[in-house]
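Got your viewer open and a selection tool handy? Here's a short walk through a predicted model, one stop at a time.

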Amino acid sequence: MLFKTFAVLGLLLCLIGIYVAVTWVMGDLYGYKVRFAVESWQKEKALPELGQIDKALIDAEGALTWEDTNPEYYELKARVLYYKALVEGVDGAGREALVNAKQLHIQAAELRPRWPYSWANIVLMKAHMNEFDEEFNQSLLNAEQYGPWEQSVHLTLAHAGAISWSNLSAEQKSIIAEHVHRGLKHSFKGLADILNFYKKRSLICAYMQRDEKQKVFCGS
């Protein structure tokens with residue numbers, strides 16, 4: 001009797017192990033397709049077609065269907081929705097996609113609170129939506145706390161800061177400027193492109209620490 005009990009328990013554990021493995025593999029299969037699409041759009045530096053976005057969203061849903069507690073898949077879907085918002089217009093038809101992207105980044109942050117990229121992306125989404133509230137400020141502080149030296153965080157916060165500069169407090173401006181300063185070593189061109197596009201380079205430079213990197217970047 002005892003042998004049969006152990007045999008049944010062993011079988012159940014094996015079945016659970018198989019289910020977990022299949023779930024992980026299938027989630028990763030869909031997630032890989034979304035990741036590949038987003039990285040391709042980033043390299044091309046051009047907005048994708050809506051058909052490409054819709055396909056990536058289907059794959060993102062597939063990944064979440066298999067692993068609905070994986071924060072990376074929430075992040076991936078949010079990034080696809082951000083592209084959708086940009087294509088449709090963040091102040092127009094793309095507003096709904098932007099709102100949904102923000103919520104997905106929040107869900108990812110709840111699942112992985114110390115992951116700075118989620119917090120930085122929440123800041124970016126709220127900057128686009130002109131939501132400069134306590135959630136915006138706390139997300140900025142969390143991004144600073146958990147990702148002070150992360151290049152992706154530097155670029156995302158620079159983007160958010162350039163969009164919302166006139167709405168930021170002096171403290172918030174200092175945090176953004178510090179991230180720009182830290183990112184100069186590895187992301188000089190990327191940061192310059194972002195700030196030049198929004199014509200905020202000189203304004204942010206005024207808040208940056210004065211040293212050789214600042215002089216080269218700011219031309220002073």
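**Stop 1: the core**

Start with Val 180 and Phe 217: of the 58 residues in the largest nonpolar core, these two touch the most other members. Now colour helix H3, residues 71–93, which supplies the largest share of this core with ten residues. As background, nonpolar side chains in soluble globular proteins tend to be buried together.

Stay on Phe 217 and show its neighbours. Leaving out residues up to four places away in sequence, Phe 217 touches Val 180, Leu 184, Phe 188, Leu 191, Ala 192, Leu 195, Arg 201, Cys 205 and Met 208. Keep Cys 205 from that list in mind; the next stop is about that residue.

**Stop 2: the disulfide**

Cys 205 sits in helix H9 (residues 201–205) and Cys 218 in helix H10 (residues 212–218), 13 residues apart.

Which hand does this disulfide have? Look down the S-S bond: the torsion is about -90°, so the disulfide is left-handed.

Is Cys 205 buried or exposed? Its relative accessibility is 6%, below the 20% cut-off, so Cys 205 counts as buried. Cys 218, with a relative accessible area of 21%, is partly exposed.

**Stop 3: the largest pocket**

The largest pocket holds about 1,400 Å³ of space. Select Gln 42, Tyr 82, Tyr 83, His 159 and Ile 194, which lie nearest its centre among the 33 residues of the lining.

Colour the lining by class and you'll find 16 nonpolar, eight polar and nine charged residues.

**Stop 4: zoom out**

Finally, switch to a cartoon of the whole protein.

Colour by accessibility, and 44% of the 220 residues come up as buried. If you draw contacts between residues at least 6 apart in sequence, 68% of them join residues at least 24 apart.

How values were computed
Residues numbered from 1 in each chain as written. Predicted model: local features only at pLDDT ≥ 70, side-chain atom pairs only at ≥ 80, totals over all residues. Heavy atoms only, no water. Core = buried A, V, L, I, M, F, W, Y, C linked by side-chain atoms within 4.5 Å. Buried < 20%, exposed > 50% of the residue type's maximum accessible area, 1.4 Å probe, protein only. Helix = DSSP H or I, 4+ residues; strand = E, 2+ residues; numbered from the N terminus. Contact = heavy atoms within 4.5 Å. 1 Å grid on protein atoms, 1.4 Å probe; cavity = no way out; pocket = protein on both sides within 12 Å on 5 of 7 lines; lining within 4 Å. Points joined across faces, edges and corners; volume = space filled by probe spheres on them. Nonpolar A, V, L, I, M, F, W, Y, C, P; charged D, E, K, R; others polar. Disulfide = S-S within 2.5 Å.
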